[in-house]
Amino acid sequence: MIDVQDVVKSYGGRRVVDRVSFRAEDGLVTGFVGPNGAGKSTVLRMAAQITRADEGRVLVDGEPFGQAPLPARRLGIFLSAETLPDRMTGIGFLRYAARSQGVPVARAAELIGLVGLEGAESKRIASYSLGMRQRLGIAVAMLCEPSNLVLDEPINGLDPDAIRWLRGFVTGVARAGNAVLLSSHHMAELGLVADRVVMLDRGRVVRTGSLDEFVTVGQRRCYIEALDLDAAVAALRAEGVRAEPSRQGVLAFDIEPERAGAIVYRAGGTLRHLSSETPSLEDSYFASLGAAEATGEQR
Amino acid sequence: MSAAPGGRRTARDDRRRQTLGAVARAELARLIARGGLLGGLVTAVAVALLLGWAMTGLLALGEAETPEFAAPTTAGAEAALSVLAVVLAVVLAVGAARDTGTGLLESSLALVPRRGRLLTARWLGVVLVAAVAAIVVFVVVQLLGVVLRPLASTDIGTVLAVGVIGVAGIVLIALIAAGAGTASGRPVVAILVVGVLLLVVPVAFSIVAVSVPSWLADVLTTLADATPMPLFTAAVNATNLTVSGPGACLLPLLGLAAWSAVALLLAVLALRRR
């Protein structure tokens, strides 16, 4: 479990992380979301002790990461493709990582195969594409099958096949009883794997909860297709319902499908399709962000 | 990408601990691997050997003309080690700065979160590499001297002492360079710092000392003599050792140790600030 306790970090007098607390529980994938500059990467770097917290602390399985007997076994980390050493070869860097943990260097070759970098392992990392760098970073994080995994924007640059693999990988790691903390801007992807979501904005946690709890912050809405769409929209708006054209139909907000259907029917419309829609993680993310901004402006 | 995470973990894995030895081995292997410093190290040794060979040849020619002025047997090796010190310092300072400035330090910290352990391992690698380079240069040039300069004679004890002091001196210069490189964080700055410290300051002070009042000249000369390269040449010097005794070589070596302690301390402080 990764336990972030009241951490604070300032750079040049500007507080970039402001009393952030949350937990990434064992057995769950915790999605870590927020706009650029929200402080996500700083929190993740504090978890890995690469950045020191001004106040507060981060415990990994009950103790600071630095006290782990075998670090790569306690916490697998991939923070950025840019931090990989350009001059080294992929296999060279993996061997270095393996040696540093006292793991047989043969593990490096296994990981190259596992992340699909065969044929490129002896090339310098400088020649790698973003996707290849991501794969290498994930391979290093997987080195000792860690009990906790922190991945910062791992989907960037991956092809669809690799994204699908990564999805299976992180859920597999979590289902094996490990904690996974996954930061990403790809809400659709995150929505497929995250069990819990922690949302950060301007250095503060603005929302946290299970994925189900998180998405209910979005509005209830239903999707309607009718033969005379303009008449249907007019009827809904006449009843004070917010209705917006979408795809081949109209989205009606804050209304049950039964009532929306009845309004269109009473106005003489012919329904072709009627369904309720659950807001996506992306919808909920923007709704939460809007609410946080409104709160911030009021403050 | 093919496989999902499996149950590879074993009880043995859970008992395993990261050790300084493992990290040091990783750092040493990285230093001499492709993308490490192997090219720079080989260049440094080659340049030193070349100069040592040339110096030995010149001494042999001079001694053939005037046998009564034969220099110590170690003279060629002393010159070669001085060149090795400068070139190796540049190579190691650039390497350390590159590691710090690029992402390697961050990637390493994710694997070795104890900074003290990581830096100690990194500097142990530097010590080993520098020692091996110094031994190779000293032994090869010394053997050349034995073959090419039959008129030179120095007792074996002095030769061994110069060799040991030379290796220690090279190691201390290497640590100064590694510390300066880590503290600077940028290869260009590292080259400037090492160049100024090892060459520019002693040479400039010595030149200026010629044209200033004697009291100021004394101060400048003392300052110049207290910089790493003059300390190194004073320490690795068979004549100094035989004429003035071991103290004349060990004191400069202590001076070098103080310089390296300061450089490493600066590196630690710089990393703490990052």
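Me: Which strands of chain A does helix α10 of chain A lie across, and at about what angle does the helix run to β13(A)?

Reply: Helix α10 (residues 257-266) of chain A lies across β10, β12 and β13 of chain A, and its direction makes about 155 degrees with that of β13(A). Axes are lines fitted to C-alpha atoms, for helices over the stretch in contact, with angles from 0 to 180 degrees between N-to-C directions. Helices (H or I, at least four residues) and strands (E, at least two) are DSSP runs, numbered from the N terminus. This is a predicted model, where local features need pLDDT of at least 70 and side-chain atom pairs pLDDT 80 or more, while totals for chains, interfaces and linings use all residues. Residues are numbered from 1 along each chain as its sequence is written, with chains lettered from A and ligands numbered from 1 in the order written.

Me: In what order do the four strands of that open sheet come?

Reply: Strands pair if DSSP finds at least two bridges between them. Here the order is β11-β12-β10-β13 (chain A), with antiparallel pairing. At the edges, β11 (243-246) and β13 (271-277) of chain A each pair on one side only. On average, neighbouring strands are turned by 25 degrees against each other, direction ignored. Inside the sheet, four bridges connect β10 (residues 221-226) with β12 (residues 249-253), both of chain A; A:Ile224 has A:Val250 in β12(A) as its bridge partner.

Me: And which helix touches β10, β11 and β12 of chain A?

Reply: That is α9 (residues 229-238) of chain A, which packs on the sheet and makes about 10 degrees with the direction of β12(A). Contact is a distance test (C-beta atoms, placed from the backbone, within 7 Å).

Me: With which strands does β1(A) pair?

Reply: In a regular strand the side chains alternate between the two faces of the sheet. In chain A, β1 (residues 2-11) pairs with β4 (residues 55-60) in the antiparallel sense over five bridges, and A:Ile2 faces A:Val60 of β4(A) there. Seven bridges, again in the antiparallel sense, link β1(A) to β2 (residues 14-24) of chain A, where A:Val7 stands opposite A:Val20. Two residues lie between the strands of the β1(A) and β2(A) hairpin, in which A:Gly12 has a positive phi near 55 degrees.

Me: How should I read the helix packing of α4 and α7 in chain B?

Reply: Two packed helices are described by the angle between their axes and the distance between the axes. For α4 (residues 75-101) and α7 (residues 156-184) of chain B, the values are about 25 degrees and 7 Å. That is why α4(B) and α7(B) count as roughly parallel: the label covers angles under 35 degrees, roughly antiparallel is over 145, roughly perpendicular is 65 to 115, and the rest are oblique. Their contact holds 19 nonpolar residues, six polar and one charged. Ala, Val, Leu, Ile, Met, Phe, Trp, Tyr, Cys and Pro count as nonpolar, Asp, Glu, Lys and Arg as charged, and the others, Gly among them, as polar.

Me: At roughly what angle do α2 and α6 of chain B cross?

Reply: The axes of α2 (residues 20-31) and α6 (residues 115-148) of chain B come within 8 Å and cross at roughly 50 degrees, so α2(B) is oblique to α6(B). Residues making this contact include B:Leu20 and B:Val23 of α2(B), and B:Leu118 and B:Val129 of α6(B). By class, the contact has ten nonpolar, two polar and three charged residues.

Me: How many residues does each chain bring to the contact between A and B?

Reply: Chain A gives 40 residues and chain B gives 32 residues. On the chain A side, α2 (71-74), α3 (90-100) and α6 (160-175) each supply at least two residues. The largest share, six residues, belongs to α6(A). This side of chain A divides into 22 nonpolar, eleven polar and seven charged residues.

Notes: Two residues are in contact if their C-beta atoms, placed from the backbone, lie within 7 Å.
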